[in-house]
Amino acid sequence: MRFFLIPAVLIFFAACNSGPANNKTTVAENKERLPKTEIPNPFVETDASAMDMSYYPVDYPTLKMNHLISTPPLARVIYSRPHKGGRKIFGGLVPYNKQWRLGANEASEIEFFKPAIIQNKKIAPGRYIIYSIPQETKWTILLNKDIFTWGKEIDSTKDIMQFEIPVEKTSTPCEYFTMLFQDNKNQTVLLMAWDDIVAKLPIGF
């Protein structure tokens, strides 16, 4: 897992611009772009959808490593980030009106270290599965208590809360699915972006 050590907005645009300019580039062609001197991991094949983690406050890892803070963060999200690889994402690889794990591999997790408020609903501190049911103009975001489940097998009977948020089209497509926190006045926003779609979930503490 990698920590975010630079401002979150820069990370977001780096992730969005890290893919090929031509969206029809295939996975095989992407592999050809790798340095020829790259040495494969001798113990295990590298996961194509690497696990990542984002914190709020967004500079929490820097503060922690420099001993400038001793308390836990307010929130963090853990997810695996697949890449577009020339595929049609929403309405294609990710169908509308069906569960989507917000990433790849295991279900994505969000953890609150203090009580949080989303759309006037109070959420107790703790770890939750976070997933989505995408539609063309909005997403339903769900919190679920079935920790350690695989992403394609989320038990909806264990949902505890759900929220509807609009989606936006972006002119800067994201090659890699990205989840990160952004500062927004007196609250944070959990930004979720892939391909040409951006969704934002405001969270207060």
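This is a predicted model: local features need pLDDT of at least 70, side-chain atom pairs count only at pLDDT 80 or more; totals for chains, interfaces and linings use all residues.
Local features need pLDDT of at least 70 and side-chain atom pairs pLDDT 80 or more, while totals for chains, interfaces and linings use all residues. Residues are numbered from 1 along each chain as its sequence is written, and side-chain values use heavy atoms, without hydrogens and water.

View 1. Strands here are DSSP runs of E, at least two residues long, numbered from the N terminus. β3 spans 109-112. It pairs with β2 (75-80) in the antiparallel sense, over four bridges. Pairing requires at least two DSSP bridges between two strands. I78 stands opposite E109. β3 also pairs antiparallel with β6 (residues 126-134), again over four bridges. There, I110 stands opposite Y128.

**View 2. The two faces of β3.** In a regular strand the side chains alternate between the two faces of the sheet. E109 and E111 lie on one side of β3, I110 and F112 on the other. Every one of these four is buried (under 20% relative accessible area, 1.4 Å probe, protein chains only).

**View 3. R101, a buried arginine.** R101 sits in the loop between β2 and β3. It is buried but has no salt bridge (a side-chain nitrogen of Lys or Arg within 4 Å of a carboxyl oxygen of Asp or Glu). The nearest side chain of opposite charge, E153, is 9.0 Å away. A polar atom of the R101 side chain lies 2.8 Å from the backbone oxygen of N105.

**View 4. K114 in its loop.** K114 lies between β3 and β4 (116-118). Its C-alpha atom is 7.2 Å from that of A124, ten residues apart along the chain.

Conventions: Buried means under 20% relative accessible area, exposed over 50%, partly exposed in between (1.4 Å probe, protein chains only). Lys and Arg count as positive and Asp and Glu as negative; His and the chain ends are not counted. A polar contact is a pair of N or O atoms within 3.5 Å; within protein, one must be able to donate a hydrogen and the other to accept it, and residues adjacent in sequence count only if both atoms are side-chain atoms.
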